[in-house]
Amino acid sequence: MDQSYTLNQEHLLRVVYPKEHIASEVSRLAEEINAAYAGRELLVIVVLKGALFFAADLLRGLRIPVRVDFVKLSSYDGTMSSGQVQLTKDLDSEVAGRDVLVVEDIIDTGLTLSFLVDLLHRRGVGTLRVCTLIDKKERRQTELEPDFAGFHCPGGFLVGYGLDYNERLRELPSIFEVVENNTEP
């Protein structure tokens with residue numbers, strides 16, 4: 001795939017993180033997690049839908065015993081956070097007393113993740129760490145920081161590798177920024 005392509009008349013997609021760079025970061029994160037949890041069983045909570053691609057690749061790189069569960073939270077409408085978090089799919093697993101790693105695709109404002117972290121603490125989680133592929137600190141509205149972070153991205157609306165725009169473009173193997181198309185028709 002080229003460095004950019006036309007999404008529609010108003011927008012282009014410009015590659016920010018090519019698939020090879022993503023694979024390298026995922027491997028690095030898996031090694032950090034392996035070292036941090038050596039000799040322990042880990043419950044990995046994947047935040048749907050966006051983190052599914054990242055989590056699948058990350059889990060393949062782990063060499064520790066893991067169990068996997070899924071949670072679905074919603075706070076976006078198009079390209080903007082609504083500021084309101086809704087739990088739309090709850091966990092099937094008990095977290096009380098367990099070592100838990102939350103896997104998220106992107107931490108932007110931090111509101112969604114803070115909601116989940118608070119929920120897990122109320123449920124008596126043993127230890128809790130967060131792994132994200134993309135950390136956008138500049139937009140953070142909470143004090144929450146990930147324990148394991150891949151890319152530090154200053155801005156832009158990103159799609160691909162699980163990240164979506166209105167449920168589209170998750171399937172792209174690289175991560176792209178949606179940018180204005182400044183060319184005249």
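Reader: Which residues does Val-159 touch, not counting residues up to four places away in sequence?

Author: In this predicted model, Val-159 touches Leu-13, Asp-164, Tyr-165, Leu-169, Leu-172, Ser-174, Ile-175, Phe-176 and Val-178. Val-159 itself is found in strand β9.

Reader: Why is Val-159 called buried?

Author: Its relative accessible area is 0%. Buried means under 20%, so Val-159 falls in that class.

Reader: What separates the C-alpha atoms of Val-159 and Gly-50?

Author: A distance of 9.7 Å, although the two residues are 109 residues apart along the chain.

Reader: What makes β9 and β10 a pair of strands, and in which sense do they run?

Author: Two strands pair if at least two bridges are found between them. β9 and β10 are joined by 3 bridges, so they meet that condition, and they run antiparallel. Within this pair, Leu-158 stands opposite Glu-177 in β10.

Reader: How many bridges join β2 to β10?

Author: There are 6 bridges between strand β2 (residues 11-17) and β10, and these strands run antiparallel.

Reader: Which peptide bond is cis?

Author: The bond that joins Leu-48 and Lys-49 is cis, with omega about -5°. Most peptide bonds are trans. Lys-49 is found in the loop between β3 (42-48) and α2.

Reader: Which residues does Leu-73 touch, not counting residues up to four places away in sequence?

Author: Leu-73 touches Val-47, Leu-48, Val-85, Gln-86, Leu-87, Thr-88, Thr-112, Phe-115 and Leu-116. Leu-73 is found in strand β4 (residues 66-77).

Reader: Why does Leu-73 count as buried?

Author: Its relative accessible area is 10%, and the cut-off for buried is under 20%. Leu-73 therefore counts as buried. From Arg-14, Leu-73 is 59 residues apart in sequence and 27 Å apart in space, C-alpha to C-alpha.

Reader: Which residues meet where α1 contacts α2?

Author: Val-26, Leu-29, Ala-30 and Ile-33 in α1 meet Phe-54, Asp-57 and Leu-58 in α2. These divide into 6 nonpolar, no polar and 1 charged.

Reader: What makes Ala-36 partly exposed?

Author: Ala-36 has 25% relative accessibility, which lies between the limits of 20% and 50%, so it counts as partly exposed. Ala-36 lies in helix α1 and touches Arg-129 and Phe-148, not counting residues up to four places away in sequence.

Reader: How do you know that strand β7 is largely enclosed by the rest of the structure?

Author: Of the 9 residues of β7 (residues 127-135), 7 are buried, so β7 is largely enclosed. Strand β8 (residues 148-152) is largely enclosed too, because 4 of its 5 residues are buried.

Reader: Which strands pair with β7, and in what sense?

Author: Strand β6 (residues 99-107) pairs with β7 in the parallel sense over 8 bridges, and Ile-106 stands opposite Ile-134 in β7. β7 and β8 also run parallel, joined by 4 bridges, and the bridge partner of Thr-132 in β8 is Ala-149.

Definitions and conventions. Residues numbered from 1 in each chain as written. Predicted model: local features only at pLDDT ≥ 70, side-chain atom pairs only at ≥ 80, totals over all residues. Heavy atoms only, no water. Contact = heavy atoms within 4.5 Å. Helix = DSSP H or I, 4+ residues; strand = E, 2+ residues; numbered from the N terminus. Nonpolar A, V, L, I, M, F, W, Y, C, P; charged D, E, K, R; others polar. Buried < 20%, exposed > 50% of the residue type's maximum accessible area, 1.4 Å probe, protein only.
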